[in-house]
Structures are given as C-alpha cells and as structure tokens.
Amino acid sequence: MKKIFLFMAVLGVFAATSPAAISDPATDLKNFQAFFKKKFPTVPFDEYSNGLYALPGFEAYKEQWTMYNEFPPFELGLAIGEKMWEKPFKNGKTYASCFKNGGKNIAQGYPYWDEATQKVRTAEMDLNACLKKNGEPEFTDLDKNQGARVKLAQLTAYFYSLSKGQRIKIDVSSPGSVKAYEEGKKFWWSRRGQLNFSCANCHMELAGKNFGGNQPLSAALGHTTAWPAQRLEWGRLETIHQRYKTCNKQVRAKPLKHGSEIYNHLQLYETYMSSGLPLTAPAMRN
Amino acid sequence: MATDKQTKIRTKTHDGVTDVLVLVSHPMETGLRTDPKTKEKVPPHFIQKMSFFLNGKEVVSTDLSTAVSKDPLIGIKLKGAKPGAKLKVTWSDNKGESGSEETTIN
C-alpha cells in the first residue's frame, strides 16, 4: 500500500513538473515565430509590425492604409496626448519624472513583471500611478467612461511614440513572470464565447483570411506593436484592453474588465511573442 | 472666437502641382443625432466655410455642410505655387468658432 502511494506521489510530481519543462517561454517564442515564417514565407519579419497590411491577399487594405498614413487622423489624438505629457502637474513635475530616461525609448519593455508588487504592469497602469504619486486625479472607470479611457489612450499613445522603432524586449526570467506568462498563454489558447473561438483560432490558423466578409484577420505576430491604435470603425485612439474587450465580444463571449489582471497577462504573452519587432504605435488599423 | 480645435496642414509638391491636405478636429454635428444619455437632439455644429490664401490672396474657397464627416480631412490641388510661398487656411463654423493654420510650401 505504502509503495503504491509513493508511486502515485512520484507520478504526481512528474505530472506537475513535466509540462513546464517542455514549454519554457524561449521555446514557445521560437515555435510561434517559426509558425508564421512557414505560413507566410514571403513576408519579411519586420513587416509584421504593420499588422494585417503586411499579409499577402490584403493588398487592397494596404493601399487604403497607405493613403490614410499620408495624414493619419490619429495625429489629432496624439497631439492632445503630447500636451498632457508636457503639461506640468500642480507640484511642477511632469509625467517624464516618473519614468526612466524621461520616458524615452523604454516602451519596448512594457508590459513588465514587477517583483515588488508581484504583478504585471502595463504602461497605462504606470501612467495612472504617476498621477497618484503626484497627487493628481487618476483616469478611472475606464469601462464606462469613454472620455477618460480615450484620454488615457492618447497619453499612452504619446508615451509609446517616444519609443517608436525600438525593438520589443520583454523579460520573463523570474518565476513570477513565467507564471503570469503561462496564464496569458492559457487565455490565448482556450476557446470561449458562443462561437467557441480561441484567440489562436482566428489570429494563427485563420490569419490572412476575411472573417464574415469584412473583418480581415491579422497575424498574432506583431499584434501589440501598434497599440494604442485608431481603428477606422472607432475614429479615436483606444487602448489595447479595449480591443481585447471588443475581440471577446466578436466571438460572443462576455468581455472582462478594462485593466483586469488576465488581460495584463494576455498582453504580456502577446507582446513576448512579438519579441524583436519594432514598435510602430500609434497606428491606423481596420 | 477662440477655439480648442486643432487645425493641421500638410503640403506636397509633385510636377508643379501642390497637394494640400487639411485636418481639423471638429465634431461636425448634423443636428439630427440624439444624445444617448439625455435623449435630446444634439444641436448642429459644423464647419461652413474654409478658405485657402496663397501669400495673402484667396485662391480657394469652399462651402462645407453637414454632409462632411467628423474630424474632416480636406484636400485641394494648387497649380503653380512656388516653393517658399506662404499658404494659410482658415475655417469658420455655424457657432462662430474659427481656426487657422499657416505653412510654407516646400
């Protein structure tokens, strides 16, 4: 009897440890990027930063997108973001004081694992924390209050624009960050909603195809490089969490809250999978 | 009347023809939309006139209406505009707000 228990315990240990040993983030990354290299052999790696416009078969969308980029409408929002960034708080400090290097060329490391709070932190969270630190009102109620959310998106867009062209580099070396990464990965691969789609269904297997006739599906590689982005449908800059919410709605799943932890983890997973791509945010998207 | 709305202008010269693009942040309300919260009609608020001045002389004048979209992008073509010339755009809307922006043709 004792032996059987011992045997089962050993089995249990194996069952618990072996999956983690097979898929560490670095191997996942290699497989993920190799998947797209095989699927779209003609698309150069850096082009994935331009989202769906890089994919073969979307030439008509690309043509439209290039025209938009002559004078992209997000410049209006970006200018508002710049004003917010430059405007001093009541205590005379600005947003730049809260960030390393004055906020320049650091966005490629976002979102990051914070050892002190044991949480994943996004740029939006850090900007809000900066407001709190300096005794200013934060952007709150981001689910319902579109005005506050768009303002935060404009500010984040300017923050990302300061790091334009920097290549994404996410650190997932600590055990805590790997745990968050695994959670994001689980969200990415699990099916949800009435349509029973996972993120991977649309943005890996069906990437490069048109969903329902008028919704071109982007490749997962390079998803996060352009956000906060302005969609033609929305006509304003929005955060990546808002996009996740609408994505969930499109497969008829109940969207989570803006800024919820699982979205942060998903963002960490997605961004890590796009490692090495240059940031292009803010940008126009379909 | 002063305005909080942005006006941006950009020019590009190609084979003697200058493409001018103007982007204005403007709600362009038609007056037909209902506010989802208050259930009341949103009063009309749209750009009525936009004019372009080359070195102080009016070269193009447009009458816009509610048919133009929110945050409109207006494009015109100018023939024979010399590099270094000053181009100014002004607009005014039905509420008396107006804005302008100046650029040098390159």
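Two strands pair if DSSP finds at least two bridges between them, where strands (E, at least two residues) and helices (H or I, at least four) are DSSP runs numbered from the N terminus. The model is predicted: local features need pLDDT of at least 70, side-chain atom pairs count only at pLDDT 80 or more, and totals for chains, interfaces and linings use all residues. Residues are numbered from 1 along each chain as its sequence is written, and chains are lettered from A, with ligands numbered from 1, in the order in which they are written.

In chain B, B:Met50 stands opposite B:Thr62 in S4(B). Strand S3 (residues 47-54) of chain B is joined to S4(B) by 6 bridges, and the two run antiparallel. They belong to an open sheet of 4 strands in the order S4-S3-S6-S7 (chain B), with antiparallel pairing. Because strand S4 (57-63) and strand S7 (98-104) of chain B stand at the edges with a single partner strand each, one side of each has no neighbour in the sheet.

Chain A is assigned domain 1 (27-63 + 166-285) and domain 2 (74-161); such bounds come from an automatic or database domain assignment. The C-alpha centres of these domains of chain A lie 22 Å apart. Their contact (C-beta atoms, placed from the backbone, within 7 Å) takes 29 residues from domain 1 of chain A and 26 residues from domain 2 of chain A. On the side of domain 1 of chain A that touches domain 2 of chain A, helix H7 (175-189), strand S6 (237-238) and helix H10 (261-273) of chain A each give two or more residues, and H10(A) has the largest share, 5 residues.

Between the chains, 7 residues of chain A are in contact with 9 residues of chain B.

How values were computed. Two residues are in contact if their C-beta atoms, placed from the backbone, lie within 7 Å.
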